[in-house]
Amino acid sequence: MTETQAKRGGAPVGYITELPAVEAASVIYLRLWCSGPDSQAHVWQDFRQALGAQTGRKALQSLKELCGLCASHGRRPLMRHAVNCKCLGADEACFANFIATAAEGAREDAMMIATLLVRPDMAGMITALATDVGLALKRMGLRAATPPRACTASQPDGRTLH
């Protein structure tokens with residue numbers, strides 16, 4: 001795989017604000033989860049506050065497993081923009097569509113999308129996890145215009161990070 005092919009998944013295809021609530025949240029929480037322990041703590045706080053400790057813990061575990069399986073069984077590394085970036089990358093758009101499709105109950109379509117992210121033998125497993133995550137995001141009652149509170153910080157000089 002060439003460097004250009006590897007970076008193609010990070011190509012901007014839109015803006016997070018253009019996405020429906022569940023899709024926008026799935027991108028933001030993917031970015032947060034992959035940004036390390038401090039950001040993961042913000043994800044846990046959001047899930048616990050919105051869903052309660054027990055349900056929040058289950059949703060967090062599903063997100064953790066989903067991100068882990070995408071990383072360890074992905075067709076290639078899943079490209080992400082920085083947490084505070086307003087752009088939506090191609091891989092992130094695919095991930096968001098995957099989560100939303102799974103949450104809508106369109107399992108076969110979600111499994112087809114899953115094969116774009118991971119090996120075909122892992123599609124069923126990550127589709128089940130995506131369903132759990134997507135339904136949890138729906139239950140959180142997210143509003144499309146308001147990103148989760150953990151992601152509202154911006155750079156002091158107003159730059160967009162990629």
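**Reading the model**

Analyst: Start with burial. Of the 162 residues in the protein chain, 43% are buried. Keep in mind that this is a predicted model.

User: How many helices and strands does the protein chain have, and what pattern do they follow along the sequence?

Analyst: The protein chain has seven helices and two strands. Along the sequence the pattern reads α-β-α-α-α-β-α-α-α.

User: What is the average pLDDT of the protein chain?

Analyst: Look at confidence before detail. The average pLDDT is 87, and 83% of the residues score at least 70.

User: Over which residues does pLDDT stay under 50?

Analyst: That stretch is residues 143-161. The model has 27 contacts beyond four places in sequence for these residues. Where pLDDT is low, predicted coordinates should not be read in detail.

User: Now charged pairs. How many salt bridges does a search of the whole structure find?

Analyst: The search finds three. To read each one, ask which residues pair, where they sit and how exposed they are. Take Arg31 and Glu92 to begin with: their side chains form a salt bridge at 2.7 Å, N to O. Arg31 is in helix α2 (residues 21-33) and Glu92 in helix α5 (residues 90-103). The two are 61 residues apart, so this pair links distant parts of the chain.

User: Are Arg31 and Glu92 buried or exposed?

Analyst: Both Arg31 and Glu92 are buried.

User: Which residue forms a salt bridge with Asp91?

Analyst: Arg76 does, with the closest N and O atoms 2.7 Å apart. Asp91 is in helix α5, while Arg76 is in the loop between α4 (53-73) and β2 (87-89). This pair, too, links distant parts of the chain, at 15 residues apart.

User: Why does Asp91 count as buried?

Analyst: Because its relative accessibility is 8%, and the cut-off for buried is under 20%. Arg76 has a relative accessible area of 25%, so it is partly exposed.

User: And which residue pairs with Arg119?

Analyst: Arg119 forms its salt bridge with Asp121; the closest N and O atoms are 2.8 Å apart. Arg119 is partly exposed, with a relative accessible area of 35%. Asp121 counts as exposed, at 55% relative accessibility.

User: What about rings? How do I describe an aromatic pair?

Analyst: Give the distance of the ring centres and the angle of the planes. The structure holds one aromatic pair. Tyr29 and Phe47 form it, 5.2 Å centre to centre with 75° between the planes, and the geometry is edge-to-face. Tyr29 is in helix α2 and Phe47 in helix α3 (residues 37-51), so the pair ties together parts that are 18 residues apart in sequence. Both Tyr29 and Phe47 are buried.

User: At what angle do the axes of α6 and α7 cross?

Analyst: For two helices, read the approach, the angle and the handedness. The axes of α6 and α7 cross at roughly 120° and come within 9 Å. The crossing is right-handed. Then read the residues that meet. Arg107, Ala110, Met111, Ala114 and Thr115 are on the α6 side; Ala123, Gly124, Ile126, Thr127 and Ala128 are on the α7 side.

User: Where is Val118?

Analyst: Val118 is in the loop between α6 (107-117) and α7 (123-139). Its relative accessible area is 0%, so Val118 is buried. Beyond four places in sequence, Val118 touches Leu69, Cys70, His73, Gly74, Arg75, Ala123 and Ile126. Compare sequence with space as well: Val118 and Ser72 are 46 residues apart in sequence and 8.7 Å apart in space, C-alpha to C-alpha.

User: One more residue. Where is Glu23, and is it buried or exposed?

Analyst: Glu23 is in helix α2. With a relative accessible area of 17%, Glu23 is buried. Glu23 and Thr101 are 78 residues apart in sequence, and their C-alpha atoms are 9.6 Å apart in space.

Conventions. Residues are numbered from 1 along each chain as its sequence is written. This is a predicted model: local features need pLDDT of at least 70, side-chain atom pairs count only at pLDDT 80 or more; totals for chains, interfaces and linings use all residues. Side-chain values use heavy atoms; hydrogens and water are left out. A salt bridge is a side-chain nitrogen of Lys or Arg within 4 Å of a carboxyl oxygen of Asp or Glu. Helices (H or I, at least four residues) and strands (E, at least two) are DSSP runs, numbered from the N terminus. Buried means under 20% relative accessible area, exposed over 50%, partly exposed in between (1.4 Å probe, protein chains only). Contact means heavy atoms within 4.5 Å. Rings of Phe, Tyr and Trp (its six-membered ring) pair if their centres lie within 6.5 Å; planes under 30 degrees apart count as stacked, over 60 as edge-to-face and the rest as tilted. pLDDT is the predictor's confidence in each residue, from 0 to 100. Axes are lines fitted to C-alpha atoms, for helices over the stretch in contact, and angles run from 0 to 180 degrees between N-to-C directions. A crossing is left-handed if the near helix is turned anticlockwise from the far one by less than a right angle, and right-handed if clockwise.
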